[in-house]
Amino acid sequence: AVVSTQSTGWLRNVQLALCSCIVGIGNIALTQQDHLTEKGAFYDFNGIIAAVIMSQAYGGLLISLVVKYTDNIVKVFATSISIILSSLITIFYLGELSFTMTFGCGLFLVVTASMIYSAFPVKAKTE
């Protein structure tokens, strides 16, 4: 049976964030204990790292708005396109990744699926 709760989206986000923080901190404590004791948790933390964190937070808020005002499939397409754009920026601007055939196929599939979905909208069933 499906259990229905009266929690808001913000409360659900805080709950999920706390769970992921616990797992992340536990993972760091278990795998990076030597690094933490020698250099501290914020060693080499700079403006670029802060910008990436803010970008991820902003992206999460945008995704929550997309989910609230559109259907779930749009969220999947938005996330996929976001990943592709981030990868392309990394490839061409930062030069840290290489453009492979697998990436090209994935890029083609995501763009094609997005175009097909927007060209042929699903019609609501009338009963």
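**Exercise 1. Find which residues of α5 are buried, and work out how they sit around the helix.**

Solution. Start with the list: Phe103, Gly104, Val110 and Ser114 are the buried residues of α5. Here buried means under 20% relative accessible area, exposed over 50%, and partly exposed in between (1.4 Å probe, protein chains only). Now look down the axis of α5: the buried residues fall within an arc of 135°, so they line one face of the helix. That arc is taken from the directions from the helix axis to the C-beta atoms. Finally, turn to the face pointing away from the buried side, where the exposed residues Met101, Thr102, Phe108 and Leu109 sit.

A quick word on the model: it is predicted, so local features need pLDDT of at least 70 and side-chain atom pairs count only at pLDDT 80 or more, while totals for chains, interfaces and linings use all residues. Residues are numbered from 1 along each chain as its sequence is written, and side-chain values use heavy atoms, with hydrogens and water left out.

**Exercise 2. Find what Phe103 touches.**

Solution. First place it: Phe103 is in helix α5. Next, skip its neighbours within four places in sequence; Phe103 is then in contact with Ile84, Ser87, Leu88 and Ile91. Contact means heavy atoms within 4.5 Å. Take Ser87 from that list: Phe103 and Ser87 are 16 residues apart in sequence and 9.1 Å apart in space, C-alpha to C-alpha.

**Exercise 3. Say what stands out about the backbone of Asp44.**

Solution. Locate Asp44 in the loop between α2 (33-39) and α3. Then read its phi, a positive value of about 65°, although Asp44 is not a glycine. For background, most residues other than glycine have a negative phi.

**Exercise 4. Describe the overall fold and how much of it is buried.**

Solution. Count the elements: 5 helices and 0 strands. Helices here are DSSP runs (H or I, at least four residues), strands are E runs of at least two, and both are numbered from the N terminus. Along the sequence the pattern reads α-α-α-α-α. Last, burial: of the 127 residues, 6% count as buried.
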